Amino acid sequence: MLSSKYRFVESTIKKDTGCIRVEGVPKSYFSCIIQYMYSDLFYIGRQEVEFFLKLLIFADYYMLPRLVEICSSYLKGFITSKNALHILLIAHSHNAIQLEQFCINYIVSHESEILNSREFRSFKRRAQEGLLQAIEQSLLLEKQESYVQMCINNFK
């Protein structure tokens with residue numbers, strides 16, 4: 001990314017300062033990204049759902065799939081009935097496949113609470129038809145697989 005070969009904006013070094021200017025990513029998030037790229041670890045200053053959601057988005061932007069997975073792992077601990085749909089949409093939009101599946105499983109196990117909530121009604125009004133159908137199909141498939149698994153477990 002920083003080589004002139006790929007022609008990213010970040011590859012242009014300011015001659016007077018010798019620095020590369022990165023716009024659009026707050027310093028706290030970019031510090032985590034740099035730490036991760038050099039050490040496969042990063043310091044977590046705040047353990048809040050919004051921090052991990054934004055870091056996941058930036059990790060996807062910079063094409064760091066392992067960092068997306070790390071953020072997804074942390075986010076699984078923050079999922080509630082109120083934010084499951086919101087996190088599902090972000091996971092779906094930013095290549096967090098495991099987190100997306102976890103959200104679908106969570107929604108299926110808390111179906112009556114979530115599907116009858118104000119958040120879901122609002123989600124249905126705002127979501128694009130194709131996305132809504134894809135999510136509903138994923139929920140149906142997960143319910144069917146869960147039912148089959150329960151039946152298999154009952155015969156053991």
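Let me start with helix α4, residues 84–93, in this predicted model. Its buried residues are Ala84, Leu85, Ile87, Leu88, Ile90 and Ala91. After α4 comes asparagine 95, which has a positive phi, near 60 degrees.

Now the chain as a whole. Of the 156 residues, 35% are buried. The accessible surface is about 10,700 Å², and carbon and sulfur atoms account for 55% of that. On contacts: taking those between residues at least 6 apart in sequence, 54% join residues at least 24 apart.

Next, the salt bridges. How many does the count come to? The count comes to 2.

One is between aspartate 40 and arginine 66, with the closest N and O atoms 3.3 Å apart. The pair links distant parts of the chain, 26 residues apart: aspartate 40 sits in the loop between α1 and α2, and arginine 66 sits in helix α3, residues 65–76. Aspartate 40 is partly exposed, at 33% relative accessibility. Arginine 66 is partly exposed too, with a relative accessible area of 41%.

The other is between glutamate 119 and lysine 82, where the closest N and O atoms are 3.7 Å apart. Glutamate 119 belongs to helix α7 and lysine 82 to the loop between α3 and α4, so this pair ties together parts that are 37 residues apart in sequence. Is lysine 82 buried or exposed? Lysine 82 is exposed, because its relative accessible area is 59% and the cut-off for exposed is over 50%. Glutamate 119 comes out at 25%, which makes it partly exposed.

Which residues gather in it? They are Arg118, Arg121, Arg125 and Arg126. Arginine 118 is in helix α7, which covers residues 118–126. With a relative accessible area of 62%, arginine 118 counts as exposed.

Last, a look at helix α1, residues 27–39, where serine 31 is found. Serine 31 has a relative accessible area of 31%, so it is partly exposed.

To recap the pairs: aspartate 40 with arginine 66, and glutamate 119 with lysine 82.

Technical notes:
Residues numbered from 1 in each chain as written. Predicted model: local features only at pLDDT ≥ 70, side-chain atom pairs only at ≥ 80, totals over all residues. Heavy atoms only, no water. Patch = residues over 30% accessible without salt bridge, like charges linked within 9 Å, V, L, I, M, F, W, Y side chains within 5 Å. Areas by Shrake-Rupley, 256 points an atom, 1.4 Å probe, with all protein chains shown as cover. Salt bridge = Lys/Arg side-chain N within 4 Å of Asp/Glu carboxyl O. Lys, Arg positive; Asp, Glu negative; His and termini not counted. Charge placed at Lys NZ, Arg CZ, Asp CG, Glu CD. Helix = DSSP H or I, 4+ residues; strand = E, 2+ residues; numbered from the N terminus. Buried < 20%, exposed > 50% of the residue type's maximum accessible area, 1.4 Å probe, protein only. Contact = heavy atoms within 4.5 Å.
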